[in-house]
Amino acid sequence: MTATLHTPPPTAPAHHERPFTRDPRRWDRERSRALRTGHVRDHTCSAACELVLVHERTPWGWLAWTVPGDGSPPEIPHRIAVLTPGATRTQRLALRWLTRRPAQRIAPDRIPGSLRFSTAAVALVSLVAGLFAMSHAVPVDVALPTMLLAPLLAEHLPDRLDSRAREHVHIVEGDDACRYLQRLAALHTSLVQAAAGSDRYELRRSAEIGHNLLWDAASLLQARDTRAVSDGLIARERLMLQLAHQVAQIIHRTAHGAATADEDQTRDLERLPGPHSPSIRPSTPRPMTAPSPPKGTVLMPQSESGPADRTPDVYLLFAHEPYYPGPGTQEINTTVVAADSLLHPQVHQPDGARIHDLLTRGRQPGEIIPLATLTHELNGGADWSTVGDWESVTTELLQLVRSGDCDALSLGLPEIARALVCTGPHSHVRAYDAAADDFVVYGSSERAAVLDEVGVFLTGIATEQPFWPGDSLLPPLVERRA
């Protein structure tokens, strides 16, 4: 996979570059409070200084900012926390608990350690209440343990609650880690704001995916150096940038309702990458150059559903090295073509015709056949030598698509979905889920779901105009045998 990053969309707001970007007065109030109550970050600050942190809560977590002594707003958060995706109300309350103001502590000169001011207050209140209770005939063996237990709970219970609350939050510290997560957080906040003002599924789904990417990145940065996990971080930032770019396009088209028919079709087909949902960039259908369709032109699926000896209206799906059709576009890593494109004279022959014969034999109309399925049918690939050189055929098919000599459906499949279509129908794909700290196994049902969803997009495109497999096609092998 390439590590090239897209340029962020120009319309994306610059969130989180400074504290409280949307409410500057809030920062002035928090800074004034910090100057009155605690230590700000200046030349007198040492490693032992306990800096005052200003917490900026967000829908996905919070950013903790220090207060510089020179009065300027900080550029990098001191700490960033990401709440678990799909958090319950209790977990969100835990987030608010962690962002409470720090407890004031009493540090006696002759006694080591310190004591919470609240603990001292509870101890005093419990002493008075206990003496009052014992004066009113409450047994000593009841009042005395209560008097001792109350201050102990006030001192140690908050720490226990902090530990429980941190189970639902990934907290990142350090300039390098916070600087990286700050960039992702800015992109994700733009997705959240776009989804908040719209009821479109694509925008809401993009915000959900962005939160998962932010959670995974925080998990990687929590206990490791940025260099050690650079590949994973680059992959997540690239996906977040793709989401932001697609959301910006959707908002732009919604604001400018006068779109062409091709743009309307593209908008209907666009889906944001999820665990199994492909991102589609259909090739523009090219008109026929001949007065009548050439022999082998793909037709839309007919009403008959029974298998035949040879079914020409099927499609081949194959993965390939990723490429970008243009600047700022999404990665293309998988392509779907009509089966008859294998009969194109620019494809390696007679290998293409032999694969076409295998692809169209005993299929259902409109069926999408991954190349991995053919490998499975050929004794796990052992019998490919009797059919043809599939690598040369798919390489030349891709060149045919990119040169515009046939129609195709260009896909930017997520990693798991792409891995599933690159395996046999009964194989499994294991993926590590950082949120659950466990491996997830995907099998035939998930693979079928990927193909079904690609089929929905394919049908939507081909309904407007049947796929053009190319000109001057060779006759299929079955016709030669006849």
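The model is predicted: local features need pLDDT of at least 70, side-chain atom pairs count only at pLDDT 80 or more, and totals for chains, interfaces and linings use all residues. Residues are numbered from 1 along each chain as its sequence is written, and side-chain values use heavy atoms, without hydrogens and water.

**Salt bridges**
- The structure holds 6 salt bridges (a side-chain nitrogen of Lys or Arg within 4 Å of a carboxyl oxygen of Asp or Glu).
- Glu208 pairs with Arg205, with the closest N and O atoms 3.3 Å apart. Both sit in helix α6 (residues 201–222), 3 residues apart, about one turn of the helix. Helices are DSSP runs (H or I, at least four residues), numbered from the N terminus.
- Asp357 bridges to Arg361 at 2.7 Å between the closest N and O atoms. Asp357 is buried at 5% relative accessible area, whereas Arg361 is partly exposed at 42%. Buried means under 20% relative accessible area, exposed over 50%, partly exposed in between (1.4 Å probe, protein chains only).
- Glu377 meets Arg363 at 2.9 Å, N to O. This pair links distant parts of the chain: Glu377 is in helix α10 (residues 371–377), and Arg363 is in the loop between α9 and β10 (368–370). Arg363 is buried at 8%; Glu377 is partly exposed at 38%.

**Covered helix**
- Helix α9 (residues 351–359) is mostly covered, with 8 of its 9 residues buried. Among them are Ile355, His356 and Asp357.

**Helix α3**
- Leu131 lies in helix α3 (residues 117–135). Leu131 is partly exposed, at 48% relative accessible area.

How values were computed. Helices (H or I, at least four residues) and strands (E, at least two) are DSSP runs, numbered from the N terminus.
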